[in-house]
Structure formats: structure tokens, C-alpha cells
Amino acid sequence: MFFFTTGTEKHYIMSSEQAFNKYSDMVWRLALSKTASRENADDILQDVFMKYVHKKPKFYDEEHLKAWLLRVTINCSNSFLRSPWEKKTQALDDSFYIEMKETSQVYYEVLKLPEKYRTAIHLHYYEGYSVDEIAKICKSTPATVKTWLFRGREILKQTLEGEDF
Amino acid sequence: MFKDKLKNDLDKLSPDEQTKSAILSRIDNEKVKPLYPKIISAVAACLAIVLAVGVMANVDKIDENVKKHEKKVTSQTKTSNQTVYDKIYKAVNKKNRSYKSYFGESIKDEHSSDSYASDTIQEPGASKDYSKTNTVVEDVDEDDLFKTDGDYIYQVDESDINIYKAEDKKTKKIKTLDLSKYTDYNIKGMYLFKNKLVVLTTYYDVLPYTSCKCKYCTKINKQSYTTVLIYDVKNPKEAKLKTKFIQSGYYNSSRMIDDTLYLSSTYTPDIYSKNKIKKKEKSRYLPIFYDGKNYHYQNSGCINLSDKLDKTSYSIIASYSIDYNLKIDDKSFFGYADLKFVSNNNAYFTEESYRYYNKEQFTNKTKITKFSIDNGAIKFVASKKIEGGILNSFSMDEKDGYLRLVTTQQKDKSYNHLFVLDKNLHKVGSVENLAKNERIYSARFLGDYAYFVTYRNTDPLFCADLSNPQEPKIVSELKIPGFSNYLHPFGKNKIFGLGETDGGNTKIAMYDISNKEKIKEIVTKKLGANYSDASYDHHAIMVDEKKNLIAFPVDTFNYNYDDYDDYDYEDLSYYEDVSYYYIFKFSNNKFKLKARIKLDDIYKFRGLYIDDYFYISDSGHLRIVSLKTFKQVKKV
């Protein structure tokens with residue numbers, strides 16, 4: 001919906017540097033939520049903007065650009081999560097989790113969720129996207145996204161007792 | 001509000017300024033140059049080198065210590081528990097350094113400790129024809145995420161286990177076991193033995209034996225531990241937790257021979273804690289076991305001190321009888337070793353180390369530690385270093401007491417070696433310095449012969465004759481483009497290979513090995529896919545010669561940066577990332593694609609068959625494919 005309705009022609013261009021300065025935090029944080037590791041998020045951030053440099057995409061508007069970046073971040077993270085390297089090293093890397101446990105209020109519980117629920121919770125509660133929009137970004141159906149959000153919230157309700165959603 | 005707190009937490013996190021400026025300068029550079037197609041693999045390679053440098057820092061000290069500790073072996077039997085524990089304390093305490101610890105609430109211990117004698121039970125699914133987990137050694141079972149006994153199918157879905165009654169089209173889910181209180185992330189694996197379901201999990205928490213619940217005690221007693229949960233599934237609808245075993249450390253690997261489970265874990269003492277370890281706090285530097293009734297520290301005689309004490313981790317192996325719900329034995333030694341290969345009589349741990357000559361040149365060695373296993377009794381046999389690194393379990397094999405293995409060594413170039421070691425791990429025969437500048441991509445030992453593939457420029461499939469252990473020799477070499485990641489025997493005279501073409505596409509091939517001196521490629525088929533889970537995880541592939549089935553999952557995603565000019569930018573489907581499950585038959589020297597099933601999830605697919613139906617595990621669901629029509633008949 002928001003991909004296609006706002007403009008009629010793709011004429012919106014943003015330079016790579018500009019896009020990086022504006023959206024690097026957003027991309028990095030989503031990658032962090034997906035992979036739960038600073039190092040992986042750094043690598044993914046680089047991959048995403050390399051794609052941006054090489055594809056020189058044009059957009060309808062800034063919203064479209066944002067959605068494109070999020071979508072590419074999800075794809076890069078997925079490729080990363082399934083790489084044999086990541087599969088082998090995943091079990092060891094709980095240093096980030098340990099750090100979050102001490103410094104964050106709720107984020108460490110979010111990190112404990114299964115990867116799909118984490119993504120949905122991140123996009124909904126942090127980036128503020130609706131269920132339909134998340135479905136578009138994640139290439140899934142609204143019903144599935146609803147289930148992810150619902151299940152994620154159910155777990156969080158138990159782990160974060162008394163939290164207001 | 002949750003939303004505000006999450007915003008608060010996340011806003012505090014952002015990439016380092018250093019990383020940011022590095023990427024910005026890269027953006028500047030890359031604007032003109034074309035990008036290498038596989039950044040990710042390059043990044044992984046960089047990380048590997050960084051890691052290697054880290055490991056290297058220790059190597060010199062270690063060698064000195066080996067000599068010192070050799071003397072200690074002889075006196076080991078005389079020393080009491082206490083003196084051994086003291087030694088370990090000293091060694092561990094040196095490593096004590098400050099680091100942020102984390103703590104949370106404790107969990108309740110909800111085990112039921114009644115053990116019961118095994119009664120004679122008729123084996124389930126005896127009359128049915130069903131597939132088993134694809135294992136390295138035929139009679140040595142391996143844990144997996146998807147298992148069947150012919151009547152019921154058990155499937156791991158993150159921290160749940162789904163149980164299905166397998167009735168062809170009428171298959172339905174009958175029970176879900178929620179194990180989230182026993183596991184941190186995903187369940188590591190499971191086994192089926194008679195009417196028992198064995199589940200392996202890892203958890204980070206306070207071990208429930210501590211009586212004191214004060215803040216300090218809960219804090220210092222937190223550690224990773226691996227749990228063996230045994231469920232009675234005589235009637236799967238009422239699956240009940242019967243016994244629980246615990247051992248220190250996170251899960252490494254496991255095997256099962258008959259009813260005996262061998263479980264290996266890696267335990268790191270609490271050296272990163274802010275609170276320095278005190279001598280009396282044994283739980284912080286000694287491995288702990290729970291045998292279903294009591295907690296105990298590992299007996300000093302079971303800790304092998306013959307090697308260096310300056311490593312900060314224990315590698316632990318313990319054995320359990322599933323039939324009798326008993327813990328049998330446990331052994332441990334210092335190091336970060338992997339349980340790589342288990343034959344019917346021996347278990348081999350491997351640990352790779354790197355030594356740098358200068359900034360760029362380094363060489364790698366592997367320490368092999370051998371334990372003999374006999375119905376649960378574990379005994380230390382020998383420990384030796386050999387040149388090169390071992391790729392995976394298929395690179396090792398045991399026949400008539402001889403250990404045969406292939407390794408890749410990094411020096412100025414990379415070299416490949418084939419070794420034959422006797423029962424005390426002394427080298428008896430070898431073929432060294434094969435295929436310079438290439439490395440081993442896959443290997444398979446079949447009886448007296450070894451087959452392995454190396455790759456860089458060409459792809460030789462080597463065949464080595466090992467019938468005389470003292471004089472192994474290469475008998476043939478077949479050169480073809482691309483490489484195979486996985487080899488599997490197909491009948492007596494054929495080998496199936498799954499790998500990649502030079503362009504990075506997934507391919508499958510069949511080789512004729514009836515004449516060892518002249519191996520032939522019968523047929524090769526390129527698939528429209530970029531990656532297959534099966535190339536790194538042999539549990540994902542099924543090759544069954546009797547049923548004539550070759551089944552595995554593949555992914556299609558686009559890494560191609562060359563043709564981005566024709567790319568329509570608004571078409572987000574360019575990034576589409578779809579997995580398929582392929583089922584092939586092999587007849588008349590040709591692969592025939594019988595089914596191509598689209599899947600939902602992105603990884604961890606498994607497949608199995610029961611009689612005439614094929615079941616695919618896909619993100620907590622089950623897809624059922626008829627092996628007569630090769631159509632998906634149902635999704636549960």
C-alpha cells in the first residue's frame with residue numbers, strides 16, 4: 001500500500017551519503033534485533049548500503065525509500081542467519097545479551113524471543129508500522145504477522161510482569 | 001508503557017562512529033568499482049583470521065606447559081580429590097578477570113526423580129518402512145530435529161516439540177510439549193529409543209541444588225548447563241517427563257549407541273565474573289553433574305590433567321543409559337574441543353590451533369583426543385597433534401582400530417594430507433602434500449577406500465586405497481569443474497555428490513566407482529538454486545538407494561550484482577528469497593525431478609518417509625507428499 005499509492009512517478013533520489021547519515025541507525029537497529037549481535041549488525045549495515053550504492057534505486061517518496069531499506073535489511077539478515085559461519089558461531093555469542101541484561105529495561109526480554117517475533121515486535125513497537133505494512137516488508141500475510149505479534153506479546157507479558165502494552 | 005521503554009532502550013544503541021566512518025569511506029570508494037559478489041563470505045573470512053590471531057596468542061605458552069604436566073600424570077592417581085581441585089582452582093584463578101556478569105530470577109526444579117526398571121515393550125512401528133536420521137557411522141545415531149518411529153513423528157519447533165500421528169492423509173498433530181522453561185533458545189536435538197523420547201537442551205541459570213537463595217549466591221551460581229530430558233511416550237498423547245540429567249557447560253555434540261547416550265558439552269568456569277572466585281566456591285570452577293537424584297562435582301579421577309591447565313574451558317563427555325534411566329560415566333579434559341567422530345568403540349575429540357610465523361604466514365594443527373567407549377564406560381586412551389585442520393565428521397573414519405583422516409594444512413600455500421593412525425594415535429601411514437593451493441570440500445570413507453574432493457581451480461575427486469594401512473596410495477583422480485560439498489554412497493558402485501558449479505549454482509552429480517582406478521562421472525545436473533542446507537548439514541539430506549529417493553532443500557536468492565541495470569527497482573520481488581524441497585529419483589543414469597515443494601521458512605528443513613508418504617518439516621508445520629503421485633496432499 002504505502003509502497004505504491006503516494007506517488008505516480010519514481011523521481012525521489014537520495015545520495016548514498018545522505019541516506020547513510022539519516023538511516024544508518026534505523027538499519028543497524030533492525031539488524032541488531034534480528035541477529036542479536038553488534039558485529040553482525042555492523043556487517044549487515046555495510047551490506048545494505050553497498051546494495052544502495054550499486055543499485056542506485058529511485059523511489060516514489062521517502063517512505064518508499066525507508067521501506068526499501070528495511071526490506072533489504074531483512075533479506076541481508078536472513079542470508080546472514082543462514083550462512084554456515086553464523087550457524088556455527090551463534091551458540092557462543094551471548095556477550096551482547098549479557099550486556100543488554102544489565103543496561104536495558106525491556107530490550108533483553110525482546111532479544112530472548114524467537115527471531116520472527118522479534119522482527120515483528122521491533123517493526124511494530126519501535127518503527128511504528130502497522131500489521132499490513134509489516135506484512136509487506138516481511139513478504140508475509142497480515143494474518144501471519146498478527147500471529148507473530150500476538151505470540152511475542154504473550155511471551156513478553158509473562159516475562160515482563162505488570163508491563164503495560 | 002512497553003513501547004516507550006523499548007524506544008528508550010533502542011535509542012541508546014547505535015553503531016560505533018568508527019564503523020560508520022569506515023562504511024562511509026567504503027561507499028565513497030565503491031561508487032565507481034563493481035562489487036565482489038559475495039561480501040558475506042569475505043566478511044566471514046576476515047572474522048576467521050581475526051579469531052585465528054586471538055587463538056594464536058596462547059599457543060607458545062601451551063607447549064611449555066605440556067612438558068610440565070606430563071610429569072603430573074603419573075602421580076595423578078595418588079592425589080586426593082582436594083589436591084586436584086586445588087590445582088584447578090589455581091589455574092582457573094589466574095584467568096580470573098573482570099567482566100560484566102548478568103543475573104536474573106531462579107527457576108524451580110520440577111524434575112520427577114523416580115527411575116524405573118525397563119519392562120519389555122514391543123518396538124513401535126516395527127512393521128513399517130520408515131527412514132532414519134542420516135548418520136556418519138551406520139549404527140551410531142545422531143540427535144536431530146525431526147524423528148519418527150514409524151507411528152508418530154516428533155518435530156522440534158524452536159522451544160516446542162510437536163507430536164504427530166502419522167496416518168498418511170489423515171495425519172494430525174496430537175500434542176505439543178512446551179519446553180521453554182528448560183531451554184534458552186532452540187532445542188538442540190532429540191533421540192527416540194523404544195518408547196522414550198530424549199531431548200537435549202541448554203539453559204543459562206542458577207543450578208537448582210543451591211539451598212541459599214541470597215542475592216550473592218544466586219548471582220555467582222549462574223552457569224550454562226546442558227539437560228537431558230527423558231519423556232515416556234508409550235502413549236504420546238500423555239507424554240510425561242520421567243527423568244532429567246544435568247551436566248555443566250553448553251551443548252557440543254552427542255551420539256547414541258543402542259540405549260547409551262554420549263553427550264559432550266563445553267564448560268567455562270566463571271572467570272568473567274566481577275566477583276573473584278574463592279577457593280571454597282567449587283561450583284564456579286568444577287563441572288557439576290545431576291544424575292537424576294543427586295548433584296555432585298566431577299570426581300578428580302575423571303578429570304584428565306595430562307594436558308595443559310591454562311586453557312579456561314573443560315570439554316566434558318558423559319554417558320547415560322536411556323533404557324535404565326541411569327547416568328553411567330563422565331570424563332573431562334581441558335580445552336575447547338569438539339566431539340567430532342564417534343565409532344562403535346571410540347570417541348574422538350578434535351581441537352584446531354594456529355601458529356603464526358609472521359603477520360601473514362601461519363600453520364594449523366589439530367589435537368586429537370581419543371576415548372574408548374564400551375557400553376557407557378569411558379576411558380582416556382591418547383592425545384596427539386597432527387598437521388592440518390579437519391573439515392567435518394566425514395573427514396574421519398575408523399576401521400580395524402586404525403583411524404583414517406584427511407586434513408587441510410595452511411602454510412605458504414594450502415596442502416592436503418591423508419593420514420592413517422594406529423590405536424594409540426601414532427602415525428603409521430600417510431600421503432602428504434596433495435593438491436597444493438586447494439582445500440578439501442568433502443570426504444567419505446567407504447570400506448578400504450577414501451573419496452575426497454578438493455577445490456580451487458579444478459575439482460579433483462580423489463580415490464585412495466587404504467587396504468594396507470602402512471602404505472595408503474592415491475589410485476585415481478577425476479577432474480571436473482565445480483566441487484561437491486557432500487558425498488553419499490548410492491548402492492555399491494556409485495557415489496552421489498551435492499555441490500556447486502563454478503558459477504555458484506547448486507549442482508548434483510553421480511559418479512561411477514566400480515573401477516577404482518578410473519572413476520567416471522555418470523551425470524551432473526545444475527539446479528536453479530544458490531544454496532542448499534544439505535551442503536553443510538548432512539541431517540538435511542536424505543539419500544536412500546532402496547527407495548530410490550534423493551531429497552533435500554535448496555534456497556534461491558539473488559547475489560548477482562552484474563545485471564542490475566535491467567533490474568526494475570520497484571519490483572521488490574527481485575530480492576525474493578524462496579526455499580524449495582526437491583525430491584529426485586535416479587534411474588537410467590539420469591536424475592528425474594519428481595517433486596518441487598515451495599517452503600515457508602528459511603532454514604532447518606528436514607524430510608523423512610513412512611511407507612508411501614514423505615513428510616517435510618517446515619517452520620513448525622508438516623507437509624505431506626505422496627510418493628506415488630509426488631503431489632503435496634496435505635499441510636498440517
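## A buried asparagine, a covered strand and an open sheet

N252(B) counts as buried, at 17% relative accessibility. The cut-off explains the label, because buried means under 20% relative accessible area. The model is a predicted one.

N252(B) belongs to strand β10 of chain B, residues 250-257. What does N252(B) contact, leaving aside neighbours within four places in sequence? S264(B), S265(B) and T266(B) are in contact with N252(B), and so are A337(B), D338(B) and L339(B).

**Strand β23 of chain B**

Strand β23 of chain B covers residues 414-421. How many of its 8 residues are buried? The count is 8 of 8, so the strand is largely enclosed by the rest of the structure. In a regular strand, side chains alternate between the two faces of the sheet. Here both faces are covered. On one side, S414(B), N416(B), L418(B) and V420(B) are all buried.

β23(B) has a partner in strand β22 of chain B, residues 402-410. The two run antiparallel and are joined by 8 bridges. Within this pair, L403(B) stands opposite L421(B). β22(B) and β23(B) form a hairpin, with 3 residues between them.

Strand β24 of chain B, residues 427-434, also pairs with β23(B). The pairing is antiparallel, over 5 bridges. N416(B) has L434(B) in β24(B) as its bridge partner. β23(B) and β24(B) likewise form a hairpin, this one with 5 residues between the strands. In that hairpin, L425(B) takes a positive phi near 65°.

**The open sheet of chain B**

Chain B also holds an open sheet of 6 strands. Its order is β6-β7-β8-β9-β12-β13, with antiparallel pairing. Which strands stand at the edges? They are β6 (189-193) and β13 (295-297) of chain B. Each has a single partner strand, so one side of each is left without a neighbour in the sheet. Neighbouring strands of this sheet are turned by 25° against each other on average, direction ignored.

One of the pairings in this sheet joins β8(B) to β9(B). β8(B) spans residues 222-232 and β9(B) spans residues 240-248. They run antiparallel, with 8 bridges between them. V228(B) has F245(B) in β9(B) as its bridge partner.

| Strand pair | Sense | Bridges |
|---|---|---|
| β8(B) and β9(B) | antiparallel | 8 bridges |
| β22(B) and β23(B) | antiparallel | 8 bridges |
| β23(B) and β24(B) | antiparallel | 5 bridges |

**A surface patch on chain B**

Y324(B), L326(B) and I328(B) make a nonpolar surface patch of about 290 Å². L326(B) lies in strand β16 of chain B, residues 326-334. Is L326(B) buried or partly exposed? With a relative accessible area of 46%, L326(B) is partly exposed. The figure falls between the limits, because buried means under 20% and exposed means over 50%.

**Chain A**

Chain A has 9 helices and 0 strands. Along the sequence, its pattern reads α-α-α-α-α-α-α-α-α. Of its 165 residues, 60% are buried. Chain A exposes about 6500 Å², and carbon and sulfur atoms supply 50% of that area. Among contacts in chain A with a separation of 6 or more, 69% come from residues 24 or more positions apart.

Notes: Residues numbered from 1 in each chain as written. Chains lettered and ligands numbered in written order. Predicted model: local features only at pLDDT ≥ 70, side-chain atom pairs only at ≥ 80, totals over all residues. Heavy atoms only, no water. Pairing = 2+ DSSP bridges. Helix = DSSP H or I, 4+ residues; strand = E, 2+ residues; numbered from the N terminus. Axes fitted to C-alpha atoms, helices over the stretch in contact; angles between N-to-C directions. Buried < 20%, exposed > 50% of the residue type's maximum accessible area, 1.4 Å probe, protein only. Contact = heavy atoms within 4.5 Å. Areas by Shrake-Rupley, 256 points an atom, 1.4 Å probe, with all protein chains shown as cover. Patch = residues over 30% accessible without salt bridge, like charges linked within 9 Å, V, L, I, M, F, W, Y side chains within 5 Å. Salt bridge = Lys/Arg side-chain N within 4 Å of Asp/Glu carboxyl O.
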